[in-house]
Amino acid sequence: MADEIDALKSRQVFELVELPKNRKTIKGRWVYDIKSDGRKRARFVAKGFSQVEGIDFEALFSPVVRYESVRFVFALAALFGWYMTAVDVKTAFLYGKLDEEIYMDQPEGFVAKGQERKVYRLHRAIYGLKQAARAWWLELEKSVRKLGFKRLHSDSGIFIYRDQEGVVIMVAYVDDIIFFGLKVLADQKKKEFMRVWECRDLGTPTEFLSMTIQYDGNTIKLDQTKYLEKVLERFGMANAKPARTPMVEGYYPAKYEGPNNAVLTRKYQSVIGSLLYLMLGTRPDIAYAVTKMAQHCANPTEEHLSKALYIMKYLVGTRKYSLVFEGRKGLGQGLESYTDSDYAQDPTHRLSQTGNLVLLASGAVSWKSYTQKSIATSSTEAEYMALSDCAKQVIWLRILLKELGIPMQVPVPIYVDNQGAIFNASNPVQEHRTKHIDVRYHLIRQYVENEDVSLFYIPTDDNPADIFTKPLGRVKFELFRKSLGLVFH
């Protein structure tokens, strides 16, 4: 606690002043934590929920790197054998400068003697303030620009430095920073960064966003086993009997219209939140089951909770699976994408389910499983809509590649298991069966015409995107799981 107060003083975060008339203070509290490496940490945080908009804060938005961008850069690092090194910025939020006039009560246990009635006037952000993340990000961007880095337009959490010696890519998620590139240049830029900010030098990263990283210079393996073990322990599922798939084949959760059980709802939302974090990180195999069960968070039943815990039973048996990006072995493949749709799956609104997948270096870098927003009148129309959404994701990844200065393959192949959807996307023909389709889905035709993407037919039994559209049987599920780059470690 004393170290935290010293850190606040050394960074000139506050000054002791008399509280002006007609102004209120924001309360604070102490928060304690034990880090993964055993370090004990105390932090004095603001109770940001008591801030008043227009007085205590204005803009709040703060960009962070997207999960799919992180996986994409890891896949590129495996392909090109990039060197990686990481830092952790100490008390990052305390660097952010405040434009607003904010007052806080003195922290419990550290009230200045003889000045008990005075309060903190904050000059810099403090953890818990609503605008703290934004204030830090603005300072970070300003500083790395001075070091020669340029922020990418396609993802504001990625910065690139270019000179005659080579390229360094910097990935930032709040205060966790990884540098990719040539060893000499990456180390040089890291040292320059550490002169600006007080950091812990982590060397070769072994963890990022709760993902454990294993890198041998050729293959990168990502897993969330540590986090998963904590989740299973928390919900009493650590010793549960393993299930072979995350959802029973053919099961579809029904909506419940009865009275809400507040205790059950809280537990259910906690379970789904934990599963979503796993799904977004390294577990595309549970994407369909989790997104489908997440649709019932507002009013779940005991059956819904049972099926959500069934997903954890599947994770018990697959807790040691890693998402693997092959190095030179995956070099010849480049970007490849798969898309699929399950027609009129939703029994209430008859909406179709879409799934799409993008692979690089033999591993999944991007995946989606979601219910379409409008009703399709045929399976061809549902596949056409899914195809268009998949193409947009592929184009975004191509833009990311272009900004990184990496040669792009043209066109990117997209595999779909419907000949009618391929025909409609490749031929700008309007007929009575397609003239009603929303104009935004016709964007795929422009991408095909410009040769940004090329469309190929793939039989349904060979299409790995099928894993994102319906609960499959064990044999088919395990076959497609392997196609995602998920491997037992």
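The legends below describe close-up views of aromatic rings and their partners in a predicted model.

**View 1. An edge-to-face pair formed by Tyr 67 and Tyr 277.** The count of aromatic pairs comes to 18. In one of them, Tyr 67 and Tyr 277 lie 6.3 Å apart, centre to centre, with 85 degrees between their planes, and the pair is edge-to-face because an angle over 60 degrees places it in that class. Tyr 67 counts as buried, at 17% relative accessibility, whereas Tyr 277, at 26%, counts as partly exposed.

**View 2. A tilted pair formed by Phe 149 and Tyr 161.** The ring centres of Phe 149 and Tyr 161 are 5.7 Å apart, and their planes make an angle of 50 degrees. Phe 149 lies in the loop between helix 3 (132–146) and strand 7 (150–151), while Tyr 161 is in strand 8 (residues 158–163), so the pair ties together parts that are twelve residues apart in sequence. Phe 149 is buried, with a relative accessible area of 4%, and Tyr 161 also counts as buried, at 13% relative accessibility.

**View 3. The aromatic cluster that includes Phe 149 and Tyr 161.** Together with Phe 179 and Phe 193, the residues Phe 149 and Tyr 161 form one aromatic cluster.

**View 4. Arginine charges placed over aromatic rings.** The charged end of Arg 43 sits over the ring of Tyr 127, at 3.9 Å from the ring centre. For Arg 71, the charged end sits over the ring of Trp 367, with a distance of 3.9 Å to the centre of that ring.

Methods
Residues are numbered from 1 along each chain as its sequence is written. This is a predicted model: local features need pLDDT of at least 70, side-chain atom pairs count only at pLDDT 80 or more; totals for chains, interfaces and linings use all residues. Side-chain values use heavy atoms; hydrogens and water are left out. Rings of Phe, Tyr and Trp (its six-membered ring) pair if their centres lie within 6.5 Å; planes under 30 degrees apart count as stacked, over 60 as edge-to-face and the rest as tilted. Buried means under 20% relative accessible area, exposed over 50%, partly exposed in between (1.4 Å probe, protein chains only). Helices (H or I, at least four residues) and strands (E, at least two) are DSSP runs, numbered from the N terminus. A charge sits over a ring if NZ of Lys or CZ of Arg is within 6 Å of the ring centre and within 35 degrees of the ring normal.
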